[in-house]
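These are my notebook entries on a single protein chain. I set out what I looked up, entry by entry.

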Amino acid sequence: MPGKIEIDRYEHVPVTKEELDWAELITLDLSLYEQPGGKEELVKQLDHAVRHVGFFYVKNFNIPQEEVDRQFALGRAFYALPLEEKLKYHNSNDLERGEYNGYRPAGHRILGNGIKDNVQVYNIPKFDGHHHRQQPAILADHLDEIEAFSRKCHTEVVEKLLRLFAILLQLSDEDQLVRDHKYDAKGEDHLRYMHYAARGLEENKKVGDLYSPGHTDLGTVTLLFRQPVAALQILNSEGQWKWVRPQDGTITINTCDALTALTGGLIKSSVHRVHAPPPDQAHVDRLGVLYFARPSNHVILDPIQNSPLLNELGLTQNVFTELGQHLTTEQWVKVRQTQQQRRRQEAKISDDGKYTYAPKDLEVIPGLHAKVYN
């Protein structure tokens with residue numbers, strides 16, 4: 001019987017030496033989490049970040065760097081497959097119906113000025129027993145460690161953050177949000193390997209030097225494992241784009257739309273974009289490993305009713321309820337992904353990099369349009 005396909009060790013490329021305008025973000029030390037008073041101390045640090053920035057780092061998260069690098073190695077091995085092999089796990093009709101798991105090739109959409117997107121995506125749904133998909137042999141051979149890594153993302157990082165958010169919201173039960181995000185409940189959490197191909201200067205100029213324009217993520221939190229090709233930028237509270245520094249031994253966390261909805265807008269859904277890398281990394285492809293956490297499918301995305309803090313601040317409505325909508329996570333993901341993945345008309349891109357879409361291309365549900373941040 002043949003053995004497992006061997007995967008070569010992953011070596012990260014050097015960090016940029018360019019002087020970039022880096023964002024100042026807090027770093028939560030999760031080793032404090034189990035210490036007396038530690039969670040309360042972490043909440044104090046977290047408070048400003050989630051209300052005004054939506055981005056922060058975590059360190060000491062109990063996932064060894066070797067396991068993180070192993071996921072980068074698996075992602076690299078997948079993207080090294082011939083395109084015809086990867087396309088076996090792609091279905092454009094599924095994408096346009098909001099089914100986002102599996103493979104999305106580069107060039108699925110035209111960004112603008114005739115330039116196609118340069119990103120490949122492979123999404124692996126969480127192992128909750130409700131997402132049965134065939135995987136390529138290179139990943140199927142290592143599915144046990146992929147599942148172990150996925151579960152660690154959830155238990156070692158996501159669940160701890162959910163308890164901190166519960167304390168911030170003054171909930172009487174710090175496990176309330178954890179119960180709404182059970183790993184084994186049917187849900188849309190997924191692990192992602194993401195590959196951005198380097199582009200030439202002329203192509204980059206035609207799309208405002210962007211790989212992806214400013215946007216928010218649709219779930220609860222996104223975990224971005226440290227990779228050294230500088231490209232991620234955030235929009236700060238002063239309306240300035242700042243680069244996010246790849247810090248050793250950290251995960252970059254951003255808060256997302258579903259969490260904003262559940263907290264009546266208290267917790268900010270972070271605005272971010274992917275910029276072309278600086279000159280000394282412009283020729284390097286960018287590989288990312290991410291984990292997207294979302295509430296379980298049955299959870300209704302209304303503001304949490306039993307939060308003393310939300311009630312005190314009068315945060316009892318959100319963009320859905322103001323339209324008379326009470327969407328479940330499953331409904332929200334479906335309509336948002338359908339809007340995101342359709343082969344929409346290309347944007348008009350101005351010389352200064354501003355993206356403008358036709359309103360119909362951004363409509364998620366009647367009365368609610370996605371935003372592109374310029």
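**Entry 1: a contact of R179.** I began with a definition: a polar contact is a pair of N or O atoms within 3.5 Å, and within protein one of them must be able to donate a hydrogen and the other to accept it. I note that the model I consulted is a predicted one. With that cut-off in hand, I looked up R179 and found its side chain joined to the side chain of D173 by a polar contact of 2.8 Å. R179 belongs to helix α7, which covers residues 176-179.

Entry 2: Strands of a sheet pair through backbone hydrogen bonds, either parallel or antiparallel. I looked up an open sheet of eight strands with mixed pairing, and I recorded the order as β1-β2-β12-β9-β14-β7-β6-β3. Which strands stand at the edges? They are β1 (27-29) and β3 (102-104); each has a single partner strand, so one side of each is left without a neighbour in the sheet. From one strand to the next, the twist averages 25°.

I examined one pair within this order. Strand β2 (residues 55-59) runs antiparallel to strand β12 (residues 250-255), and five bridges link the two. In this pairing, V58 stands opposite I251 of β12.

**Entry 3: the cavities.** Rolling a probe the size of a water molecule over the atoms shows where empty space is left. How many cavities of 30 Å³ or more does the structure hold? I recorded three.

The largest cavity has a volume of about 850 Å³. I counted 46 residues in its lining, and those nearest its centre are M194, S212, H215, D217 and Q340. Among the elements that give two or more residues to this lining are β7 (190-196), β8 (210-215), β14 (286-293) and α11 (329-341). By residue class, the lining of the largest cavity divides into 21 nonpolar, 15 polar and ten charged.

The second largest cavity has a volume of about 100 Å³. Its lining holds 13 residues, with L224, Q227, V244, P246 and R286 nearest the centre. I recorded eight of the lining residues of the second largest cavity as nonpolar, two as polar and three as charged.

Terms used
Residues numbered from 1 in each chain as written. Predicted model: local features only at pLDDT ≥ 70, side-chain atom pairs only at ≥ 80, totals over all residues. Heavy atoms only, no water. 1 Å grid on protein atoms, 1.4 Å probe; cavity = no way out; pocket = protein on both sides within 12 Å on 5 of 7 lines; lining within 4 Å. Points joined across faces, edges and corners; volume = space filled by probe spheres on them. Helix = DSSP H or I, 4+ residues; strand = E, 2+ residues; numbered from the N terminus. Nonpolar A, V, L, I, M, F, W, Y, C, P; charged D, E, K, R; others polar. Pairing = 2+ DSSP bridges. Axes fitted to C-alpha atoms, helices over the stretch in contact; angles between N-to-C directions.
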